Structure formats: C-alpha cells, structure tokens
Amino acid sequence: MSQITKCEIQLEGKPADSVLEMPEPRKLFIPLESVRFSFDSVEVEENRSVQPGQVLARDLNNFSVPLLAPRAGKVKLGEIKNHIVLDEITQQEEEPYDHREDEAHIPQEMGSVGLKRYKLLALGAWQFVYDAHSSKLPDPFGTPRAVIVSTVNLEPYTAQGEAQLQKRLADFTRGLEHLQSLLEYQPIYLVMPDINSEFSRQLRESIRGYAWVKPVQIAPKYPGDNFAVIARKLGFNKEKDSPVWAMRTEAILAIDRALTLSKPSTVRIISFGGPMVKEPIHLKVMPGYPLKDILAERLESGPVRIIDGGVLTGAMVSEQQKGLTAECNGLTVLQEHSEREFLSFIRPGSDRQSYGKCFLSSFRGAFKERLNTALRGELRPCVACGFCEEVCPAGIMPYLIHKTLYSGELEDVEQMRVDLCVGCGMCSFVCPSKIDLRGEFVKAQEDIERELHAEEVQS
Ligand code: SF4
Ligand code: SF4
C-alpha cells in the first residue's frame with residue numbers, strides 16, 4: 001500500500017457537530033433501493049396499518065436484511081414508484097422484539113451467540129456492518145478475523161461520530177461490550193480521532209480496562225479512514241470466506257439498542273452539508289423522511305445537485321427519489337453548474353484548488369474551495385499527468401487501468417490488480433480531465449466477480 005495521499009481536501013460547507021431534530025413528518029417516502037440493498041420482497045399490503053419496527057420488505061440477496069417501518073402508519077404501495085409510502089403517521093414506542101418464531105433460522109451450533117446475531121439482523125442493526133475489503137454486507141453467522149470500529153469519518157461532508165455520540169458514550173461502550181460477546185477471540189480495533197482532542201480523551205477514558213479493544217490511530221487525512229485502507233494497515237489482506245467486519249459509530253449504537261432494549265434503531269443522525277446548504281449541520285431524521293422537507297428554506301438559491309453520502313463516494317439522488325434511503329448517512333448539496341465557462345482556459349483560477357498547481361490559487365495561502373459540479377471544466381481525455389497514481393492509497397495505476405478498460409480487456413485489468421482499489425475516489429477528485437475512474441473500477445470489480453462466479457458454477 002502506498003503512503004496515504006499528499007492531497008489535502010479543503011472544502012466549504014462542512015457540517016457543524018450540532019444536531020437539529022427534525023419535526024415529525026406527516027408522510028414517509030421510503031425508497032426500496034439504496035446503495036447496497038434492493039428491498040424487492042415486499043411483505044405488506046396496500047392500506048395495511050403497520051407498527052414501528054415492523055418489516056416492510058426484505059432484500060433476499062443480502063441475508064434477507066429487512067426494511068423496517070420507522071413509524072406507525074398506513075401503507076401505500078402504488079403511490080410513488082419504487083417507494084413504500086407510509087401515510088397517517090403516528091409516533092408510538094416500538095414493541096420489544098420477540099424472537100421465538102425466528103429461532104429456526106439460526107445455526108443451532110451457535111447457541112446464544114447465534115440468537116444475538118439474528119436479533120441484530122432482525123432489528124436492522126446488521127445493515128450498518130460492512131466487509132472491510134468489499135464494503136458488502138457480511139454473513140451475520142460468519143466468523144470474522146477481526147473487527148474495525150471507527151469513530152472517524154474523514155470524507156468531506158459525511159456524518160461525524162462525535163455528533164452521533166453526544167451524550168451517548170455510555171451506550172457506545174455498552175454496544176462495544178455487546179459486540180465482544182458475539183465474538184470468540186477476535187480483536188476489536190477502535191479507530192480514534194485526533195489524539196489531542198477532548199473527544200479522543202473521553203473515548204479513551206470510556207474504554208479504560210477493556211483489554212480486548214485495541215485503539216488505532218490513522219492518517220488524519222482522507223482516505224486514511226477507509227475500511228480497506230485500515231484493514232491492510234493492520235495486516236489483514238483480502239481473504240475469501242474470512243472477512244474483517246467494519247462499522248462506524250452508529251452501528252455500535254444500533255447494536256446496543258438491539259441487544260439491550262430489543263428495539264430497532266429507527267432514527268438516525270445524518271450529516272447535511274455542502275456549499276449550497278445555508279447552515280451545514282447534522283440532522284436527526286428517519287428513513288423515508290421527505291427530501292423536500294429537509295431542503296425547504298435550507299439551501300442557497302440556484303440549481304443544485306443532491307448527493308446521498310459524501311462528495312467522493314456518494315451517489316447522486318435522482319429526481320424520482322422522494323425520501324431518505326434506509327442507508328443514507330448524509331446529504332451533500334453542490335451547486336449544479338452545467339454551463340460551459342466562457343474562455344475558461346484563460347481564467348487564472350485563483351478560487352480553484354488543483355492538485356497539479358496549475359492555477360493561480362497555488363500562490364494563495366490555505367483556503368476552502370467552494371466546490372460545484374463543474375469546477376474543473378468538462379470531461380476530457382486522459383492527459384497522462386499521473387496525478388491519479390500519486391494519490392492512490394492502493395498503489396495501483398488508475399490511468400493505465402482506465403485505458404485498458406477503454407479497450408475492453410477485462411483480463412488485463414484483473415492483472416493490473418483493480419481488485420485492490422478501495423473505492424475512495426481520490427483519483428477521480430484530482431483528475432484534471434474529470435474522468436470517473438472510481439466509478440469505472442467499481443463496475444470492473446463487479447464484472448470480474450460475476451465472471452469468476454460464473455466460472456465457479458460451470459466447473
Ligand atoms: S478509487 Fe482511485 S485512488 Fe481510490 S483506491 Fe481506487 S484507484 Fe486508487
Ligand atoms: S489524473 Fe486523469 S488525466 Fe491524469 S493520468 Fe490520471 S486519468 Fe489521466
């Protein structure tokens with residue numbers, strides 16, 4: 001693994017750590033698709049009343065992970081395509097989960113640990129867990145080599161552990177204890193924020209005496225917090241059938257709620273930032289919360305692009321999407337800037353940060369860039385500047401892989417170790433030609449995996 005990038009990302013619009021509790025919605029618009037999940041198997045009927053925490057749908061390709069009703073309400077299935085709408089919302093306390101019916105699904109040899117793990121799946125806490133190398137949902141009944149828990153999120157505009165943990169440090173440490181009870185001997189690595197911060201001091205104090213928690217300090221710049229980067233730094237390379245589990249602060253809080261109270265976590269704290277947000281902040285909301293209610297009165301005027309997640313790895317929110325997805329942990333809002341800039345090639349660029357130091361801004365002191373969707377002009381062919389290779393934490397050669405993909409040679413791309421790409425998006429960020437290298441590599445990894453799977457089935 002090459003050294004963590006020298007590129008420092010300084011952007012306007014970072015969300016403050018304070019949390020705004022959004023008012024109760026009148027309706028919820030819950031998308032059936034999110035980044036990792038497709039909740040295709042709908043388990044409720046039109047006009048049926050549901051209780052909070054009740055299963056609305058499942059993703060049968062992902063260990064039947066459930067989509068839970070965040071509030072009591074009446075189901076409307078056909079009102080908006082690819083959404084379950086909950087109307088006539090009322091706020092009620094969730095009933096504690098009763099697992100007896102589900103015991104048949106649990107591997108018998110796992111005993112009480114299997115029961116706890118199934119509970120995490122049933123109460124929605126498992127959806128916050130990742131395979132550190134692939135970012136997929138790991139098997140809840142599998143055996144990890146190690147577990148990474150991170151309170152740090154360095155990608156611009158993403159939700160901060162410090163905001164999510166306010167007044168909940170005791171819940172967090174109890175959640176860590178629950179997590180340990182699911183394991184045999186595997187270590188839990190706790191990724192700590194800046195060692196000198198007050199938050200870091202409180203965290204260290206809260207885990208004093210927990211010999212099974214191993215504090216880890218990471219490079220303080222993005223993508224030092226990427227799970228695959230951390231796993232490799234700890235000496236855990238990718239191994240089939242032997243994953244490293246990875247999760248962030250809110251996973252531990254959800255585990256605590258599931259195993260202490262037997263209740264789902266239906267409310268989330270997400271980030272809401274970007275240069276077009278008047279007051280970037282964290283929001284207390286729930287899946288399905290209407291996007292228009294979040295955005296109303298809170299944006300600068302002008303056309304915007306909404307991104308589900310951080311600016312480097314998030315996905316654009318389509319016009320058809322009406323509410324927050326079950327996985328959304330942040331919204332980023334950029335100015336939509338599609339017009340071609342008049343004589344942009346002779347603009348000195350005093351307001352543009354560039355990894356290549358080709359703008360006048362190189363002579364300015366540190367400043368925060370006001371990012372928009374066309375800051376580096378329009379898409380161009382690769383100019384072989386090599387910036388992508390310099391910033392890549394995986395030590396691969398993005399421009400060569402890009403060119404090879406262009407000629408359709410998937411086998412050669414495999415030889416170039418596209419599998420090592422951790423999807424951080426730094427290459428796309430610094431690329432002066434605005435090539436979506438990250439998007440290309442994520443797709444190439446999926447294509448290769450599909451081909452390997454097909455070969456396995458055939459043999
Ligand atoms: S997204 Fe780009 S910079 Fe990040 S690991 Fe992949 S190739 Fe390297
Ligand atoms: S940063 Fe972009 S233009 Fe430069 S070598 Fe990489 S792909 Fe090509």
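The following exercises, each with a worked solution, concern a predicted model of a protein.

In this predicted model, local features need pLDDT of at least 70 and side-chain atom pairs count only at pLDDT 80 or more, while totals for chains, interfaces and linings use all residues. Residues are numbered from 1 along each chain as its sequence is written, chains are lettered from A and ligands numbered from 1 in the order in which they are written, and side-chain values use heavy atoms, with hydrogens and water left out.

**Exercise 1. Overall make-up**

Task: State how many helices and strands the protein has, and what share of its residues counts as buried.

Solution. Step 1: Helices (H or I, at least four residues) and strands (E, at least two) are DSSP runs, numbered from the N terminus. The protein has 12 helices and 18 strands.
Step 1: A residue is buried under 20% relative accessible area, exposed over 50%, and partly exposed in between (1.4 Å probe, protein chains only). Of the 459 residues, 52% count as buried.
Step 2: A contact means heavy atoms within 4.5 Å. Among contacts between residues at least 6 apart in sequence, 70% join residues at least 24 apart.

**Exercise 2. Backbone features**

Task: Locate the cis peptide bond from Tyr-222 to Pro-223, and determine where Phe-63 and Lys-434 lie.

Solution. Step 1: The bond from Tyr-222 to Pro-223 is cis, with omega near 5 degrees. Pro-223 belongs to the loop between strand E12 (213-217) and helix H5 (227-233).
Step 1: Phe-63, a residue other than glycine, has a positive phi near 55 degrees. Its place is the loop between strand E5 (55-59) and E6, and at 36% relative accessibility Phe-63 is partly exposed.
Step 2: Lys-434, also a residue other than glycine, has a positive phi near 60 degrees. Lys-434 sits in the loop between helix H11 (426-430) and helix H12 (437-458), where it is partly exposed at 27% relative accessible area.

**Exercise 3. Salt bridges**

Solution. Step 1: A salt bridge is a side-chain nitrogen of Lys or Arg within 4 Å of a carboxyl oxygen of Asp or Glu.
Step 1: In the bridge of Glu-79 with Lys-27, the closest N and O atoms are 2.6 Å apart. Glu-79 is partly exposed at 40% relative accessibility, and Lys-27 is partly exposed at 23%.
Step 2: In the bridge of Glu-94 with Arg-257, the closest N and O atoms are 2.9 Å apart. Glu-94 is buried, at 7% relative accessible area, whereas Arg-257 is partly exposed, at 22%.
Step 3: Salt bridges also link Arg-168, Asp-171, Arg-174 and Asp-256 in a network.

**Exercise 4. Ligand surroundings**

Task: Identify residues around ligand 1 and ligand 2, and classify each shell.

Solution. Step 1: A residue is near a molecule or strand if one of its heavy atoms lies within 4 Å of it. Ala, Val, Leu, Ile, Met, Phe, Trp, Tyr, Cys and Pro count as nonpolar, Asp, Glu, Lys and Arg as charged, and the others, Gly among them, as polar.
Step 1: The residues around ligand 1 include Cys-392, Cys-421, Cys-424, Cys-427 and Phe-441. This shell has 10 nonpolar, two polar and no charged residues.
Step 2: The residues around ligand 2 include Cys-382, Cys-385, Cys-388, Cys-431 and Tyr-399. This shell has nine nonpolar, two polar and no charged residues.
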